[in-house]
Number of protein chains: 2
Amino acid sequence: MGLKAYPAIRDVPDELDHVILAIPAPLTPKLMHECVAAGVKSVTIFTAGFSETGDAEGTRLEQEILEIARQGSVRVIGPNCLGVHCPVAGISLDDTVPRVSGPVGFLSQSGGNARDLVVASADRRVFFSKGVSLGNALDLNESDFLEYLTDDNGTDIIAAYIEGLKQPQRFYRALRAACARKPVIILKGGKTLSGAGAVASHTGALAGSRAIWDTLCLQTGAIQVDHFHDWIDVLMTFVHMKPPNGRRVGIIGMGGGASVLAADECEEAGLAVPAFPETVRQELLKFTPRVGVGLRNPVDSATSVYFDPNSLARTVKAVADWDGVDILFVVLPAIIGTKIGPQILTAHIKGLAESARDFAKPVAIILRTAAQSESERVAREVRGECLEAGFPAYDSIDSAARAVNALISYHLPQKRG
Amino acid sequence: MGLKAYPAIRDVPDELDHVILAIPAPLTPKLMHECVAAGVKSVTIFTAGFSETGDAEGTRLEQEILEIARQGSVRVIGPNCLGVHCPVAGISLDDTVPRVSGPVGFLSQSGGNARDLVVASADRRVFFSKGVSLGNALDLNESDFLEYLTDDNGTDIIAAYIEGLKQPQRFYRALRAACARKPVIILKGGKTLSGAGAVASHTGALAGSRAIWDTLCLQTGAIQVDHFHDWIDVLMTFVHMKPPNGRRVGIIGMGGGASVLAADECEEAGLAVPAFPETVRQELLKFTPRVGVGLRNPVDSATSVYFDPNSLARTVKAVADWDGVDILFVVLPAIIGTKIGPQILTAHIKGLAESARDFAKPVAIILRTAAQSESERVAREVRGECLEAGFPAYDSIDSAARAVNALISYHLPQKRG
């Protein structure tokens with residue numbers, strides 16, 4: 001690939017800042033000694049085959065590496081990890097993830113989850129300041145990286161995938177300090193007995209008790225998510241949405257049954273769906289048919305409104321102008337894009353962007369697909385347009401409601417629980 | 001459109017079996033009188049603008065129609081509905097849904113949800129015997145249709161979207177009788193106060209108490225789902241999967257962190273993820289690298305295994321041959337399709353189909369996308385291939401686990417709770 005290779009560390013003429021060790025585990029101690037001799041300050045050990053295997057020899061090797069590192073004053077990331085992601089320095093987890101900088105820092109005990117985080121986030125215009133896949137956390141552990149990201153001025157939001165804690169009390173203090181300064185959004189692996197078993201063979205960590213973990217998050221104010229896709233949606237929300245002033249959502253959609261389920265899902269996620277007063281209803285009736293619609297909240301609007309971007313933008317404006325809602329959920333049924341072509345959705349997004357300039361409340365777009373393949377294809381095509389227009393875009397009302405509720409809960413702590 | 005039109009019912013020369021009323025609400029009573037005079041046995045009133053508007057005049061009109069129907073012995077479906085879906089008779093909800101027959105019957109208080117149900121199900125090779133969108137249920141109500149579908153020999157599975165009950169005690173008896181004969185999979189709208197408010201302006205129904213509803217399902221054995229997409233996944237599972245003999249799942253995937261989350265999600269859904277014995281581990285080690293993998297359950301397999309359909313099929317076979325698992329979850333990371341091309345996924349599906357002939361346990365495929373747009377596109381492309389090979393295909397482990405757990409719970413009622 002046009003890069004110069006050397007037979008050994010000592011043959012490299014320059015001073016070495018950092019070495020990535022990617023040779024078989026049994027040879028790693030020897031290479032560690034060479035790093036010490038060369039005055040290397042820190043290393044990433046990509047290599048696996050240590051304590052996570054459960055074999056005595058792997059554990060012994062790992063301890064040998066730790067001793068070499070301690071005696072030689074070399075700090076270690078890993079082993080069994082992808083190491084550092086730092087686009088501004090030209091370093092990424094691997095050569096397939098985007099090297100674009102943004103406001104989110106991450107730490108992850110899984111290299112795969114870290115990689116998936118970076119790629120899925122990029123699809124939602126969410127990028128990273130610095131991050132680390134820390135693997136077995138032999139030397140530098142989750143507390144070190146959490147403290148670093150807390151102090152890092154380039155990091156506004158912290159995302160963490162945690163399997164187990166090396167120093168639980170230190171982590172508790174670090175997490176409390178972090179949450180006091182910036183949102184920390186945590187996906188915890190190994191919350192069940194089966195998951196904890198998988199953790200043992202993955203990074204060799206002790207997953208700990210679910211009750212203790214949940215309490216840790218409650219006491220520190222960390223934001224816990226249940227699934228990978230929620231992690232991504234919550235990050236998108238924190239990056240792309242101005243915090244609403246409260247929990248009251250105005251929902252604009254199409255279809256009576258879909259509206260009923262939307263209201264259920266918002267309330268279940270912790271949001272309120274207040275009924276509109278007569279003034280809003282009268283404003284909507286100026287351009288909405290009287291029959292076959294619902295104007296109570298959700299607005300179950302007529303198909304004709306959805307065929308006309310001006311009417312939809314006007315509907316959203318009428319709801320936003322009522323001081324009884326703090327945030328708007330606008331459902332764009334992707335099916336209209338499959339019938340008329342995606343340009344109708346593009347026109348709606350443009351119309352909404354213009355309309356949203358006239359009010360100060362945040363808008364979330366739900367590209368509703370109703371689990372239909374053709375709609376899913378169209379929804380994917382226009383998600384980027386939503387984000388570029390300033391609207392986070394979700395696949396379903398329930399994922400939007402959970403993510404927005406997390407944002408509101410963070411900014412309205414007195415209303416939590 | 002080449003169809004003959006008549007100015008009035010009395011001008012139609014043939015005997016009329018069924019009339020669909022799609023004229024404005026105030027004119028509907030007159031047309032109902034004409035139907036009675038012509039000896040029509042049943043009608044569908046598509047028209048909206050009745051009691052669901054909350055207006056006194058709409059409610060009065062609806063009662064007038066009911067009186068005409070009762071006195072003239074005409075049965076009424078609706079108003080405010082899409083009516084009957086019966087592909088074998090050439091009738092469908094509208095002209096955009098597939099007219100293909102299958103084993104599922106449905107009743108829905110929402111026309112939109114009924115339509116979405118038929119379209120999303122078709123994407124998963126699930127089709128319908130008969131179904132009905134019943135709207136305000138002025139005359140024929142949810143109990144009538146549930147009793148009908150229970151007795152219908154062409155219907156093996158019943159799907160229901162319910163907002164409120166006209167005759168709660170009758171429905172309880174009908175549901176108990178139905179569940180004794182076939183699975184009934186229910187999506188309930190209006191489980192929250194906000195949802196109940198939306199129900200009132202949608203079909204005018206009383207949504208009732210959530211606690212009573214949950215108890216009703218528990219006592220009758222009805223299968224309740226929480227979201228639209230779960231409804232679709234559970235139906236796919238009942239149609240396409242042979243019931244497993246128990247709850248113990250063997251998971252084959254790629255990625256340590258993803259495996260940890262997969263184990264968590266299975267256990268949280270009610271499944272068991274037993275650790276493999278040494279025999280399975282030794283069998284896997286015959287062709288799986290020793291390092292960077294997990295062979296405990298989930299199998300966190302090497303990338304090399306995923307690049308070779310024979311190795312993946314052999315992995316699945318090795319797990320299936322252990323009598324400690326009842327069902328296999330095979331995770332196909334769609335990302336490998338984005339790197340190599342979808343043909344690698346096609347080859348895997350073919351290999352799995354051949355391998356699955358050698359064991360009697362059901363296999364679910366999870367087309368794991370990790371919320372990445374490019375992976376989602378590839379996953380959609382191969383979902384049909386999975387179904388044609390006999391494997392239900394899911395978007396995520398948690399949706400697969402919930403759906404499969406519903407199937408197992410139905411067939412192992414003694415292990416419920």
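Biologist: Which residue in β2(B) does B:H18 stand opposite?

Modeller: B:H18 stands opposite B:S42. This is a predicted model, in which local features need pLDDT of at least 70, side-chain atom pairs count only at pLDDT 80 or more, and totals for chains, interfaces and linings use all residues. Residues are numbered from 1 along each chain as its sequence is written, while chains are lettered from A and ligands numbered from 1 in the order in which they are written.

Biologist: What makes β1(B) and β2(B) a pair?

Modeller: Two strands pair if DSSP finds at least two bridges between them. Strand β1 (residues 18-21) and strand β2 (residues 42-45) of chain B have 4 bridges, in the parallel sense. Strands are DSSP runs of E, at least two residues long, and helices are runs of H or I, at least four residues long, both numbered from the N terminus. As for the faces of β1(B), B:V19 and B:L21 form a covered one, and B:H18 and B:I20 an uncovered one.

Biologist: Why is B:M236 called buried?

Modeller: A residue is buried if 20 or more other C-beta atoms lie within 10 Å of its own, exposed if 12 or fewer, and partly exposed in between, with C-beta atoms placed from the backbone. B:M236 has 24 other C-beta atoms within 10 Å, so B:M236 is buried. The residue is found in helix α8 (residues 228-240) of chain B.

Biologist: Which residues does B:M236 touch, not counting residues up to four places away in sequence?

Modeller: They are B:R124, B:V126 and B:P392. Two residues are in contact if their C-beta atoms, placed from the backbone, lie within 7 Å. B:A403 is 167 residues apart from B:M236 in sequence, and the two are 8.6 Å apart in space, C-alpha to C-alpha.

Biologist: Which residues touch the most other members of the largest nonpolar core?

Modeller: A:L235 and B:L235 do, in a core of 272 residues. A nonpolar core is a set of buried Ala, Val, Leu, Ile, Met, Phe, Trp, Tyr and Cys residues joined through C-beta atoms within 7 Å. Leaving out residues up to four places away in sequence, B:L235 touches B:V104, B:S121, B:V126, B:I157, B:A159 and B:I185.

Biologist: Why is β10(A) described as largely enclosed by the rest of the structure?

Modeller: In strand β10 (residues 249-253) of chain A, 5 of the 5 residues are buried, so the strand is largely enclosed. Both of its faces are covered: A:V249, A:I251 and A:G253 are buried on one side, and A:G250 and A:I252 on the other.

Biologist: Which strands does β10(A) run parallel to?

Modeller: One of them is strand β13 (residues 327-333) of chain A, joined to β10(A) by 4 bridges. There, A:G250 stands opposite A:L328. Another is strand β12 (residues 299-300) of chain A, joined by 2 bridges. In β12(A), A:D300 is the bridge partner of A:G253.

Biologist: How many residues of each chain are in contact with the other?

Modeller: 55 residues of chain B are in contact with 55 residues of chain A. On chain B's side, α9(B) gives the most, with 11 residues. That side divides into 20 nonpolar, 22 polar and 13 charged residues. Here Ala, Val, Leu, Ile, Met, Phe, Trp, Tyr, Cys and Pro count as nonpolar, Asp, Glu, Lys and Arg as charged, and the others, Gly among them, as polar.

Biologist: How much of chain A counts as buried?

Modeller: Of its 417 residues, 56% do. Chain A has 16 helices and 15 strands.
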